[in-house]
Amino acid sequence: MYKPMTILRLLRMTALITGYLVLVSCNTNRNPAVSPEDPMEDLTLPEGFTSRVIADSLGRGRHIAVNSNGDIYLALQDLHDGHGLVAARDTNGDGKCDLAAYFGDLPGTGLQIHKGYLYFAHDTGVIRYKLRENELLPAPDPEPIIVGFTRQYQHAAKTIAFDGEGNLYVNVGAPSNACQQDDRSPGSPGLDPCPLLESYGGIWRFKDDVLNQTQEKDGHRFATGLRNCVAIDWNTTVNKLYVVQHGRDQLNQMFPGLYSDSANANLPAEEFFMLQDGDDCGWPYCYFDDGKNKKLLSPEYNGNAETVGLCAGKKAPIMAFPAHTAPNDLLFYSQDMFPAHYKNGAFIAFHGSWNRAPMFQEGFNVVFVPFNNTLPSGGWEIFASGFSGNDTIKNPDDALHRPMGLATGSDGSLYVSDSKRGTIWHITYEHSSP
């Protein structure tokens, strides 16, 4: 007969072997990688805002979701001990996570809580886990909502949004830079028409509660001409879909006679769109030059850095951001903790890219765009910075942290995830006394 302690150890070993539940400490006070002196604890924020690291070293984080009870869910870029999702909880009320549980067997990006389920978009589909009251982990067997997206080796991340009317929108990035005959080959012409647009480079609409949908049979191509829109959100205030696009790369490497290193670092702008059914935003035929404030014909399609051509008829952005800053999440703020300036405006997490070289890289921050009804009411402003730990980043790998996902808590506070090591920041605002 086993002794009681031996049985306890056996049960613990069994839990680890099954691989469903893995408990770790994510209390940053117990992790020597993050200490109270760590400069990343305090981000640079507007007056009145405070940031705090509430979890760290969870894995390379992607998008994030926060339940009404404060439980945090994070999608992972890579498997952690065979798991692609992690749930974290503050069990003692000190404002920092002291419990984390890993689950699921696929890595991915898109993550949202919707109708009592945790929806998770991996590279080839969308699944949902039933959330269970008072339990950190959802039910173990996910339901397949969308299946069969083709496996991609560029821009494979799927991200999602819901419109509140039973529809689910999925970003399907294009597995290409500019739809060339020979992808990323200097001087190679673009395919015309671009065959990738049949299944990629756009936003597809599905039902949010029908199982085993496929893109071919059940998906509706809502918008096209979008190279990759990792940042996507439904604005519930105006009932419109918004995305921020990753612009194309390597203008000077593909066509050095037309674009200098400096021009490449500043072209094309990252575009912010309000989308309607049937919109065509122009990729791969066009890119946006914010200096000229117009879409120009891509050199792969005989553009010369001045030609407009067919691009005059493509969807225009509502705002443009600096080139190669990698917008990776979008969140419309509809809650009340933050000052009125932020009400119904948009937060965007910029991940930082690589294609500004040999110039310094930019991004690595969270920006805010004020809105009035459906459109921006002012210019974009940096809301949170200091993630990278250095103002002169040559290579994105040199950044200490790269902001990735955004979510709000039920109290209106903001959460930001990091893709370097799985740090999560909690940003709050304290009203000043009259």
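Strand S16 (residues 240-244) and strand S17 (residues 270-275) run antiparallel and are joined by 4 bridges; two strands count as paired if DSSP finds at least two bridges between them. Within S17, Phe272 is the bridge partner of Val244. Strands (E, at least two residues) and helices (H or I, at least four) are DSSP runs numbered from the N terminus.

The model is predicted: local features need pLDDT of at least 70, side-chain atom pairs count only at pLDDT 80 or more, and totals for chains, interfaces and linings use all residues. Residues are numbered from 1 along each chain as its sequence is written, and side-chain values use heavy atoms, with hydrogens and water left out.

S16 and S17 belong to an open sheet of 4 strands in the order S15-S16-S17-S21, with antiparallel pairing. Its edge strands, each pairing on one side only, are S15 (231-235) and S21 (319-321). From one strand to the next, the twist averages 20°; axes are lines fitted to C-alpha atoms, and angles run from 0 to 180 degrees between N-to-C directions.

The chain as a whole is summarised below.

| Property | Value |
|---|---|
| Helices and strands | 4 helices, 30 strands |
| Buried share of the 434 residues | 56% |

Buried means under 20% relative accessible area, exposed over 50%, and partly exposed in between (1.4 Å probe, protein chains only).

A nonpolar core is a set of buried Ala, Val, Leu, Ile, Met, Phe, Trp, Tyr and Cys residues joined through side-chain atoms within 4.5 Å. The largest has 25 residues, and Tyr119, Val126 and Ile160 are among those with the most contacts inside it. Strands giving two or more residues to this core include S8 (117-122) and S12 (167-172). A second, separate core of 22 residues includes Phe347, Phe383, Phe387 and Ile427. Tyr119 touches, among others, Val126, Ile160, Phe162 and Asp208, a contact being heavy atoms within 4.5 Å.

Asp418 is found in strand S29 (residues 414-418) and is buried, with a relative accessible area of 0%. Beyond four places in sequence, the residues touched by Asp418 include Arg60, His401, Arg402 and Trp425. A polar atom of the Asp418 side chain lies 2.9 Å from the backbone nitrogen of Arg402. Asp56 is 362 residues from Asp418 in sequence, yet their C-alpha atoms are 9.1 Å apart.

Definitions and conventions. A polar contact is a pair of N or O atoms within 3.5 Å; within protein, one must be able to donate a hydrogen and the other to accept it, and residues adjacent in sequence count only if both atoms are side-chain atoms.
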